[in-house]
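Here's a quick briefing to read with the structure open beside you.

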Amino acid sequence: MSVRELFQTMTYGTAPEAADAARAWLDAHKRKFDLFINNQWVKAEAHFDSTNPATGEKIASIGDGGKKGVDLAAQAARAAFPAWSALSGHERAKHLYAIARNIQKHARLLAVLESLDNGKPIRESRDLDIPLVARHFYHHAGWAQLQERELADYQPVGVIGQVIPWNFPLLMLAWKIAPAIAMGNTIVIKPAPYTSLTALLFGEIVAEAGLPPGVVNVVTGGDQTGAAVTEHPDFDKIAFTGSTNVGKIIRRATAGTGKKLSLELGGKSPFIVFEDADQDAAIEGLVDAIWFNQGQVCCAGSRLLVQESIAPRFLDKVKLRMSKLRVGDPLDKSIDIGAIVDPVQRRTIDGWVQKGIAEGAEIYQPDCPLPDKGCWYLPTLITNVSSASVVVQEEIFGPVVVALTFRTPKEAVALANNTRYGLAASIWSENLNLSLDVARKVKAGSVWVNSTNLFDAASGFGGYRESGFGREGGREGLHEYLRPKWQARPTPLTTENTEKKAKVQPIPAALNGGKANGHAIDRTAKLFIGGKQARSDGNYTRPVSAPDGHVIGQVADGNRKDIRDAVEAAVKAADGWGYKTGHSRAQILYYIAENLSARADEFAQRISAQTGADDAAAHAEVSAAISRLFTYAAYCDKYGGEIQETPLRGVTMALHEPIGVIGIACPDEAPLLAFVSLFAPAIARGNSVVILPSEKSPLSATDFYQVLETSDVPAGVVNIVTGERATMIKTLAEHDAVDAVWYFADAAGSAFVEKASAENMKRTWVSYGLSRDWQSEEQGAGEDFLFNATQVKNIWIPTGE
Ligand code: NAD
């Protein structure tokens, strides 16, 4: 084509990136790879093919680790743990720094290999994936350096099993490995079967950087190898990124084992455009939101919500922009959209689109030429759908955006939150007031104002709701790889019910004539639901006994209906309480403390009567409870979050938001102190609670009704249901409107709570039947409680031109 013709047509030429170095690396390994354990290649028993999605050709043969490979790697990581965790933070920092430097040194090779293996445009692997990988190791080298100073109360978790997906193969690896090894853990990682190559090259890179053998081990393989990791007894924690369905399987498989767990799962993130948005900027944003990495992005802006007043023109402009997108060879530097990772994935994408069409949706795809071979999908816009349409609800995980309209900001928020996911959101408006208000109200872990898909090591990434729990990046991400210093790994010996207790027989309230076993007793304590004392639905009561067996009181025997009522009351209260200022919440907690203090003797007597504690011990428990209320009154306005130092020109705010409704089961010991130590941090940070007091000694909690009633606690913020813990926890843990469950009782109940939580991906915090010293400030209070009472939302606000 002549220069004149080129100027006339303005067509792009090809600008391919050379793949020689990547091919040479593959050839040097004879295109056959085994497992990378202990800094060396270990033979795999079987192999599978890895193909180039842009051509369909086989690139290499990859080892399938299976259970045996995972065993070997787990042993290597276990052997390396004592020495690695004993290194000083500075020594570990030097190792992470060396890894970061080596990644930069091999950046081009890594980028080309990633694009060959995954099909993503070289522009993205070169300019986003690999630089962010290096950034993660630099940033976490810093955390290793500061660990003794900044995180002195914590220790590493131990040996970690990590399983990652194929959409950002090396980046997901870096998000997992950098914080883990920075904090002194050793790891075994299993890449996704489609994309193992950069993980294997990474193994060589860390060995070259001088990382001790066994600290990082790469076991490639299929889903069975993934299951071998998540089910392996020797891991102290599992970190998973992948689909919500597999996340649920893993939650159930690890339930009750005492393994820590973080899950980064799927999403269906809203991309909200208000009528006053800079529309051209929003359209470029949309390109980055849904056509970046072929839309195979967990936080892709796959639901376009446009204000009705601008929708027709905006959607026309989107179509025009789509017609200019170029799909083709990922190694071509001027391509916008690369190859879909595998034909299986392409079929899944198309399957969803066809379902949308069958439901009456309209489809727009530009008339864009596609290469003859390889695996491609045209950028797709779906309209004429309702909020219940399958294509609006399900994660398509491809270059497909579905558009809906809204009239008011309120409707935009309702539509945005009308999903089981909560990973990210993008908000476009020139009105600061409006955009920040919507940013607060959208339930998502990352919110980008007038921007999209921004990531950085200094900012935690992770989900709300069924997008999982745990964060990667930021200070909050470090907690996923740390355990309080006082706490050994919980190793529940059995998930059988370890509590040896006589079964208490509930009796109909009508038969409880104010006496039991010949002792005069108080009136029967009711339940406390929605700010009022309420009779239990079944109208049964339970006797409460002193240690010598004589009955000292009666409490209501709550049932499933009572729990449902309590949850309903807590849901009603949650938003109002969460939006109250920290100062107002603090006033109420101080007031509770004051009212408890006024009745200290009475509460001490009650503790003695229930537990047999002597007067001094009982008074000490009351004093500790008052002090704890002061602690959390103090924290009402001192744990709000921080500004993250990302490279963004603007502000990245990490807000500590309430989780919502927390169900809490108290232990039997310390009937007042444990009860207070659990509900106080939860409500201090803006959650509402349904709390099951000590089953054996519930009277300290039922006496507390009057303290709550006289302390201006809004109705529904604290709901207390007495009765049999095992029955009630079932309803709480399975309830869809409960966002988190804390269970501080037996191992069997702990396992049950973790398993049941998988249904709506509740966050859980359980004791596995191990007790803690509630009197101690270290064990009975502190950051762990605040951390579990909050979730971090990162709001990114670019400023300037
Ligand atoms: P996937 O869940 O099928 O697989 C992820 C990984 O888990 C792979 O390594 C796979 O081999 C392994 N695996 C599969 N079944 C397993 C099992 N039963 N036990 C243990 N491991 C098992 O997901 P995918 O298709 O590879 O990735 C796409 C999904 O990942 C999407 O849903 C996407 O939203 C999600 N994702 C989330 C994030 C995030 O940070 N939240 C990031 C990237 C991708």
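Methionine 10 sits in the loop that links helix H1 (3-9) to helix H2 (20-28). Keep in mind that this is a predicted model. With 61% relative accessibility, methionine 10 counts as exposed, because the cut-off for that label is over 50%.

**Nonpolar cores**
- The largest nonpolar core holds 110 residues. Ile103, Phe137, Ile181, Phe202, Val273, Trp291 and Leu304 have the most contacts inside it.
- Helix H7 (residues 169-182) supplies the largest share of this core, namely eleven residues.
- What does isoleucine 181 touch, leaving aside residues up to four places away in sequence? The list runs Trp84, Arg92, Leu96, Ile99, Phe137, Ile187, Val215 and Val216.
- There's also a second, separate core, this one with 60 residues; Leu596, Ile607, Ala633 and Ile720 are among them.

**Valine 413 in helix H15**
- Valine 413 belongs to helix H15, which covers residues 409-416.
- Is valine 413 buried or exposed? Its relative accessible area is 13%, so valine 413 is buried; the cut-off here is under 20%.
- Skipping residues up to four places away in sequence, valine 413 touches Val438 and Lys441.
- Aspartate 437 is 24 residues from valine 413 along the chain, and their C-alpha atoms are separated by 9.8 Å.

**A three-stranded sheet**
- Three strands make up an open sheet, ordered S20-S25-S26, with antiparallel pairing.
- Strand S20 (507-508) and strand S26 (551-556) are at the edges: each has a single partner strand, so one side of each lacks a neighbour in the sheet.
- Strand S25 (residues 540-545) pairs with S26 through five bridges, in the antiparallel sense.
- Which residue of S26 is the bridge partner of threonine 541? That's alanine 556.

**Helix H23**
- Helix H23 (residues 699-709) is mostly covered, with nine of its eleven residues buried.
- The buried residues of H23 are Leu699, Ser700, Ala701, Thr702, Asp703, Phe704, Tyr705, Val707 and Leu708.

Definitions and conventions
Residues are numbered from 1 along each chain as its sequence is written. This is a predicted model: local features need pLDDT of at least 70, side-chain atom pairs count only at pLDDT 80 or more; totals for chains, interfaces and linings use all residues. Side-chain values use heavy atoms; hydrogens and water are left out. A nonpolar core is a set of buried Ala, Val, Leu, Ile, Met, Phe, Trp, Tyr and Cys residues joined through side-chain atoms within 4.5 Å. Buried means under 20% relative accessible area, exposed over 50%, partly exposed in between (1.4 Å probe, protein chains only). Helices (H or I, at least four residues) and strands (E, at least two) are DSSP runs, numbered from the N terminus. Contact means heavy atoms within 4.5 Å. Two strands pair if DSSP finds at least two bridges between them.
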